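Colleague: I would like to learn how to read a predicted fold in some detail, feature by feature. Could you take me through one, giving the general idea before the particular case?

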Amino acid sequence: MQLDGTLDKFPLRELIEMVIYSSVTGVLKLRIGAGEGQIFFRDGRPYHAVAGDLTGVDAVGAMFEQRGAPFRFVADQTSDETTLWIDPWDMMDHAQVLAERWTFVRRRLPSVDHVPELVGTPAKDQIQISETAWPVLAAANSQRSIREIAEHQNLVLLDACLAVAALIDQRLVRLLP
């Protein structure tokens, strides 16, 4: 099976479903910026995904963020690695949620290397901060980047970014380059 095109004609979810229903072995390659994402299938079951430094569901999530990107499926290519173990339908659902959240974050935060700085007074009389946002707020010392805060607080980077976006919305922090 050889297939190529662009995601504006064949959405990624439909491509993955087609490979699953066809029970084929091979790799789905997708352009991501200047790089490439790959999902490997064995008898139609996804078992490994990679996109830059990302692997597994995170890599598939990065692929779901792409719009209009070129793709191609190459039959009989395999990988020795396994990074996907969950049900393919659950994987796609989770990857789509990740893509939506990262798209939201990318619109709000210019870079995960920006530094959150506390702002003097909140915009509202009462503020509500999520459980995840509290450690991020506590670590916002005008010294650590969002990435460093995530590492320091042992948080998933996406969760730290969502927390910073919420803190910006409440005018509790602002970002410094």
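Colleague: How many helices and strands does the protein have, and in which order do the elements run?

Modeller: The protein has six helices and eight strands, where helices (H or I, at least four residues) and strands (E, at least two) are DSSP runs numbered from the N terminus. Starting at the N terminus, the order is β-α-β-β-β-β-α-β-α-β-α-α-α-β. This is a predicted model, in which local features need pLDDT of at least 70 and side-chain atom pairs count only at pLDDT 80 or more, while totals for chains, interfaces and linings use all residues. Residues are numbered from 1 along each chain as its sequence is written, and side-chain values use heavy atoms, with hydrogens and water left out.

Colleague: What can be said of the protein as a whole, for instance what share of the residues is buried?

Modeller: Of the 177 residues, 43% are buried, and here buried means under 20% relative accessible area, exposed over 50%, and partly exposed in between (1.4 Å probe, protein chains only). The C-alpha atoms fill a box of roughly 60 × 30 × 25 Å along the principal axes. Contact means heavy atoms within 4.5 Å, and among contacts between residues at least 6 apart in sequence, 71% join residues at least 24 apart.

Colleague: How should I read the sheet, and what is the order of the strands in the open sheet of six?

Modeller: In a regular strand the side chains alternate between the two faces of the sheet. Two strands pair if DSSP finds at least two bridges between them, and in this case the open sheet of six strands has the order 1-6-2-3-4-5 with antiparallel pairing. Strand 1 (2-6) and strand 5 are the edge strands, each of which pairs on one side only. Helix 1 packs on this sheet, touching strand 1, strand 2, strand 3, strand 4 and strand 6 (70-75), and its direction makes about 170° with that of strand 2.

Colleague: How many bridges join strand 2 to strand 3, and how many join strand 3 to strand 4?

Modeller: Strand 2 (residues 26-32) and strand 3 (residues 35-42) run antiparallel and are joined by seven bridges, with Leu28 standing opposite Ile39 in strand 3. Their hairpin has two residues between the strands, and Gly33 takes a positive phi near 60° there. Six bridges join strand 3 to strand 4 (residues 45-51), again in antiparallel fashion, and Phe40 stands opposite His48 in strand 4. The hairpin of strand 3 and strand 4 also has two residues between the strands, and in it Asp43 takes a positive phi near 50°. Strand 4 and strand 5 pair in the antiparallel sense over two bridges, Leu54 in strand 5 being the bridge partner of Ala51.

Colleague: How is the packing of two helices described, and at what angle do helix 1 and helix 3 pack?

Modeller: Two packed helices are described by the angle between their axes and the distance between the axes. Axes are lines fitted to C-alpha atoms, for helices over the stretch in contact, and angles run from 0 to 180 degrees between N-to-C directions. Helix 1 (residues 12-22) and helix 3 (residues 88-108) pack at about 170°, with their axes 11 Å apart, and they are therefore roughly antiparallel to each other, a term for angles over 145 degrees. Arg13, Ile16, Glu17, Ile20 and Tyr21 in helix 1 meet Pro88, Trp89, Met91, Met92, Asp93 and Gln96 in helix 3.

Colleague: Is helix 2 mostly covered or mostly open, and what lies around its buried residues?

Modeller: Helix 2 (residues 56-64) is mostly covered, since eight of its nine residues are buried. The cover of these buried residues includes helix 1, strand 2, strand 3, strand 4, strand 5 (54-55) and helix 3. Helix 2 lies across strand 2, strand 3, strand 4 and strand 5, running at about 75° to strand 4.

Colleague: Where is Leu98 found, and which residues is Leu98 in contact with?

Modeller: Leu98 is found in helix 3 and, at 10% relative accessibility, counts as buried. Leaving aside neighbours within four places in sequence, Leu98 is in contact with Val57, Asp58, Gly61 and Leu158. The C-alpha atoms of Leu98 and Gly61 are separated by 5.4 Å, although the two residues are 37 apart along the chain.

Note on methods
Angles under 35 degrees count as roughly parallel, over 145 as roughly antiparallel, 65 to 115 as roughly perpendicular and the rest as oblique.
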